[in-house]
Amino acid sequence: MCGSVGFQGVGGYQMLSAFTNSIAQQQQAQAQAAAQQAQIEIGKRQADDLYKRRVAEAIYEMQEADLAQRQANDAATQSKSEIAREMLRAKEEAKAAASAAGVTGNSLNRMLTDISFTEQQKMAVVDTNRDNIVSTQQLQKHKAIQSTKASPFYYTEPSSGGGIFNSMFSVIPSLFSGLSFNTSYCSTPKTKSKCS
């Protein structure tokens, strides 16, 4: 038995043209998906770099704020020590001057009270200045932490388009439009042999 199938008309050309177009469209879709994926990767890297840069800057700002706080505390401690020494010296000098002048009682006590009040005022100014610096540096730390927050990077993953086989299956119905088939069959007789 033998047979042949022939394509007649413009259907053969249409089939080849549709198949070629399908492949070209698929390649174009893949190229667009690859370009979109590359843009997504670039965007991700840029977002990561921005975040890392912001974190590094925040760490640096927080270290500066810590240093400023330590310096403010150290300076306040030193100022208070100097004030205490100064006031102690003033009290001793006042006592010595009062003793040399023969002044005692309420006058000496009033003078020593004034020195103590002056000492407390100076100490309060030092504490206020230190507290202001510490509060400012705490605010700087908070701002540094807030500056590390980045807006989320939104993107849509590109679709792969279903591959070349899906695009070929979408073309199949149009491939057979306009085709006519010629078939011819021939058969060869079969011989049977009998062995006895």
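Trainee: Hi! Is D127 buried or exposed, or something in between?
Mentor: D127 is partly exposed, because its relative accessibility is 22%. For the cut-offs, buried means under 20% relative accessible area, exposed means over 50%, and partly exposed lies in between (1.4 Å probe, protein chains only). Keep in mind that this is a predicted model, where local features need pLDDT of at least 70, side-chain atom pairs count only at pLDDT 80 or more, and totals for chains, interfaces and linings use all residues. Residues are numbered from 1 along each chain as its sequence is written, and side-chain values use heavy atoms, with hydrogens and water left out.

Trainee: Thanks! Which side chain does K80 meet in a salt bridge?
Mentor: K80 pairs with D127, at 2.9 Å from N to O. A salt bridge here is a side-chain nitrogen of Lys or Arg within 4 Å of a carboxyl oxygen of Asp or Glu.

Trainee: And where do those two sit in the chain?
Mentor: K80 is in helix 1 (residues 11-101) and D127 is in helix 2 (residues 106-147), so the bridge links distant parts of the chain, 47 residues apart. Helices are DSSP runs (H or I, at least four residues), numbered from the N terminus. K80 is partly exposed too, with a relative accessible area of 27%.

Trainee: What does R130 do with D127?
Mentor: Their side chains form a salt bridge at 3.9 Å, N to O. Both are in helix 2, and being three residues apart puts about one helical turn between them. R130 is partly exposed at 23% relative accessibility. Through shared partners, salt bridges join K80, D127, R130 and D131 into one network.

Trainee: Nice. How many salt bridges are there in the whole structure?
Mentor: The search finds six. One of them is between K122 and E86, at 3.1 Å from N to O. K122 lies in helix 2 and E86 in helix 1, so this pair ties together parts 36 residues apart in sequence. K122 has a relative accessible area of 31%, which is partly exposed, and E86 is partly exposed at 34%.

Trainee: Last one: which residues of helix 2 are buried?
Mentor: The buried ones include L108, L112, I115, E119 and K141.
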